[in-house]
Structure formats: C-alpha cells, structure tokens
Amino acid sequence: MRLTHSWKKMCCLVMAAASIGGMALAASPQATYEEAARNMAAHPQGSYTLKLGLKMPFVGEGAVVNNIDVQERPFVIQSQAKVTGFAATTMKKVPEGKAYAVQNGKKIDVYYQEDGDEWEKKSYDLKDSKPLADYLRQDYNVLAGVKKVTAAGGHDYNVVFDASHIYNPADQAQWKKNGMTAEQIRVMTKVLQGLQQCGDLSTVVTIDPATKRISRISLPLTDQLRSLALTLVDEYGRSDADKAVAQSFIKMSEVSLTIDCTALPQGTQLTVPEKVIKSAK
C-alpha cells in the first residue's frame, strides 16, 4: 500500500512539474505576435485583401477593396483595386483596375492604368541588381512602435501601436527617394497626420498557429478609420456638394478595415502580361 501510494504521489508531482514547465514555455502574446510578424517580414509572399468598408444610415454599404498578390522570386506584385456600393458613385478618382510591379535588374518597373484602358509605365532605380528577396530579413524590428500586445481569445491578439510612430516629417524624403510624386506625398502626409491626431491605433491580429503567420488584421470602429474615410472623400469626392453630404454621413457611419492574408494558390506564377509590357507608354 505504501509503495502504491508513493508511486501515485510521484506521478502527481511529475504531472504537476510538467504542467508548470509547459506554462513557463508557452509563448507570451508579444512573443507570439513578434514571431508571426517576423515571418511575414522575411517571407511576404502571399495574397492580401485590403477592405475599407462603410455602412451609412439611409444610404447603404460601400467599400474600397484592393487585392494584392506578392511573389518573392522572381519579385512580382499584382494589384487589383475596385470601389463598390455607394462609394463608386461618390468618389471619382480612386484608381481602379490592375497594376503590376516587377524587378528588372537594377530597376523596379511599375505598370498601371490611370485613366481608361491605356497602360503607363514608371521605373525606379535600385542600388543594385540583387534580388529583392535577398534583402528580406528575419531580424527586422517588428515591435517598433508597438505599445502593447495582449491575448484576445482564440488565435486573436490585441495589438496597440504608438501614434507617434505613424508619421514623421522626415518620412517624406524617403518617399520621394522611393519614387512617389509630390501629389502622392501630399495625400499620404494628410492621411497619416489625420490618423496620428486620433491617438494610438488599436488592432486585432489573428495568427494561424499552424503556419505562425498573420492571417487577418482588423480595426474596430475607431476615430482613425473615420479620419481615413473623411480624408479619402475630401481628396477623391466628385464635387464639393457630394463631399459635404458623404462626410456628414461618414460621421454617423460604421467604418471597418480588414486585411486578410492567405498563401498564393499552389502553382501560381505571377508575371506581367506581354501585351501590358508592349503597350505601356
């Protein structure tokens, strides 16, 4: 009896120790997020769907949706943008259609449609012809600007970003170096300053435990999203009257932003269509 009791006691102690050890080894929310974010930074290949949704009283729903496919080797980005619902009738200059970016030796060639069906091309210099994928690093500081990471249940994590890191006037020099036009820099500055003035940015990040990658980023209804929607209408609205009406509704509307991240379909090989290359001006 004593021997049996001793074995039972020992088994209980071993199980307790294993349980405590398991708790100690379990990754913290911040470590889990950091690992997933590093994996995304080092290997961004995948399909991304960005959706800014608006639900207005008496008007209905609308959205600006951008599907972006990223291939690391060879480096190619394919983008497809569209505007749906009431947003299609209230905003006139939001670029729609497809766009491509591809590494071409020491350059990045970008093909896009600005008006109509005609393709245009811009090229941006790189410092060398080394494949861009070779510059992707696992040790990138993905926690820069992150204030706090907490568990939100299931595979979701609340990630709060410091507003002071959203925009810095010094960023404009890098944007210009990257090929952005003066008009693009002006709009980007306006958007980021508006977001910054609203305070810290709270997001919900979903992490796939199997792949240890981010599968979704969502922003609940926040002042930042209202600011973003108001800025888009101000920049791309059809007329002053339309802008005034749309902006008044936005102030009473539900606004959401989601970014879904999935793997590229197996066998996908992204390329810029030959007819696009030949017709681009």
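In α6, the residues Gln224, Leu225, Ser227, Leu228, Ala229, Thr231, Val233, Glu235 and Tyr236 are buried (under 20% relative accessible area, with exposed set at over 50% and partly exposed in between; 1.4 Å probe, protein chains only). Helices (H or I, at least four residues) and strands (E, at least two) are DSSP runs, numbered from the N terminus. The model is predicted, so local features need pLDDT of at least 70 and side-chain atom pairs count only at pLDDT 80 or more, while totals for chains, interfaces and linings use all residues. Residues are numbered from 1 along each chain as its sequence is written, and side-chain values use heavy atoms, with hydrogens and water left out.

The length of α6 was checked against its residue count. The expected span is 1.5 Å times one less than the number of residues. For the 14 residues of α6 this gives 20 Å, and the end C-alpha atoms are 20 Å apart, which agrees.

Leu225 of α6 also belongs to the largest nonpolar core. This core has 23 residues, of which Leu52, Leu192, Leu195, Leu225 and Ile250 touch the most other members. At least two core residues come from each of β1 (46–56), α5 (182–197), α6 (223–236), α7 (240–250) and β11 (254–262). A nonpolar core is a set of buried Ala, Val, Leu, Ile, Met, Phe, Trp, Tyr and Cys residues joined through side-chain atoms within 4.5 Å. Beyond its neighbours within four places in sequence, Leu225 is in contact (heavy atoms within 4.5 Å) with Leu52, Leu219, Pro220, Val255, Ser256 and Leu257. A second, separate core holds 16 residues, including Val142, Tyr157, Ile214 and Cys261.

Cysteine 261 is buried because its relative accessibility is 11%. Cysteine 198, at 31%, is partly exposed. The structure holds zero disulfides (pairs of cysteine sulfur atoms within 2.5 Å).

Tyr157 is also among the residues that line the second largest pocket, together with Ala27, Ser28, Pro29, Thr32, Glu35, Ala36, His155, Ile207, Asp208, Pro209 and Lys212. The largest share of this lining, four residues, comes from α2. Both α2 (29–42) and β9 (201–208) supply at least two lining residues.

Glycine 154 lies in the loop between β7 (146–153) and β8 (156–161). Glycine 154 is exposed, because its relative accessible area is 72%. Glycine 154 and threonine 206 are 52 residues apart in sequence, and their C-alpha atoms are 8.7 Å apart in space.

Technical notes: On a 1 Å grid over the protein atoms alone, a cavity is a set of points where a 1.4 Å probe fits but cannot get out, and a pocket is an open set with protein on both sides within 12 Å along at least five of seven lines; lining residues have an atom within 4 Å of a point.
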